[in-house]
Amino acid sequence: MLVSLARWEDAEAAASKLLETESDKERLADAHCLLGKISKEGKKDLSAARASYEKALEMVPGHLRAMDHIGEILEAQGDWQGYVSTFEQFLKSLPPAAQDKALGIHLRLGQVWRDKLDDREKAIVEFNNAVKINPDSAEAHAALAGLYLQDKRYYPQAVRENNL
């Protein structure tokens, strides 16, 4: 509530108090995310925000909200290599129970490789990883078809993807 009212100092004090008194790792991670949001939106300090989100990930390695915010910061900074490295590491750290989160990450990595880093081969790998997780992913199949159409060597794969 304090954040939605842009009462940044009060929200920061409440989150800091929670960090002092809480022992549950999930709630601690949420408090670090709150501090990250305060730094990012209230103080406009992306470095401090990223540090808070990284602390959340230390508490809960599969904390998707923290990872999403780190991704937003890296996108805002145009740090595409950092984005890829960070999310590749995040994929490796996902606990087995959180593997459902991997689909969206592979799709986004495929987009970054294709659109920002101009590496079709790595984009194809990521979109294929998405298809392995969800064989019915229309987004992944459409992306693969588009990539395959750009290279005559992949014409049979382009036909296959377009006919799915």
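Student: How many residues does helix 5 have, and how far does it reach from its first C-alpha to its last?
Tutor: Helix 5 covers residues 80-93, which is 14 residues, and it reaches 20 Å. That is close to the 20 Å expected at 1.5 Å a residue. The expected span is 1.5 Å times one less than the number of residues. Helices here are DSSP runs of H or I with at least four residues, strands are runs of E with at least two, and both are numbered from the N terminus.

Student: What kind of model is this?
Tutor: This is a predicted model: local features need pLDDT of at least 70, side-chain atom pairs count only at pLDDT 80 or more, and totals for chains, interfaces and linings use all residues. Residues are numbered from 1 along each chain as its sequence is written, and side-chain values use heavy atoms, with hydrogens and water left out.

Student: Which residues of helix 5 are buried?
Tutor: Trp80, Gly82, Tyr83, Val84, Thr86, Phe87, Phe90 and Leu91. Buried means under 20% relative accessible area, exposed means over 50%, and partly exposed is in between (1.4 Å probe, protein chains only).

Student: What do they pack against?
Tutor: The buried residues of helix 5 pack against helix 3 (46-59), helix 4 (64-77) and helix 6 (102-116). Contact means heavy atoms within 4.5 Å.

Student: And the start of helix 5: which residue's side-chain oxygen reaches the backbone nitrogen of glycine 82?
Tutor: Aspartate 79 does, to within 2.8 Å.

Student: Why does threonine 86 count as buried?
Tutor: Because its relative accessible area is 17%. Leaving aside neighbours within four places in sequence, threonine 86 is in contact with Arg50, Met67, Ile70 and Leu74. Its C-alpha is also 8.1 Å from that of glycine 71, 15 residues apart along the chain.

Student: What about serine 39, buried or exposed?
Tutor: Buried, at 7%. Serine 39 is in helix 2 (residues 25-42). Its contacts, neighbours within four places aside, are Lys44, Asp45, Ala48 and Ala49.

Student: And leucine 149, buried or exposed?
Tutor: Exposed, with a relative accessible area of 53%. Leucine 149 is in helix 8 (residues 138-149). Valine 159 is ten residues from leucine 149 in sequence and 8.5 Å away, C-alpha to C-alpha.

Student: Zooming out, how many helices and strands does the protein chain have?
Tutor: Nine helices and zero strands. The C-alpha trace spans about 60 × 30 × 25 Å along its principal axes. Of the 164 residues, 40% count as buried.

Student: How many contacts, as a percentage, join residues at least 24 apart?
Tutor: Among contacts between residues at least 6 apart in sequence, 43% do.

How values were computed. Polar contact = N/O pair within 3.5 Å; in protein donor to acceptor, adjacent residues only side chain to side chain.
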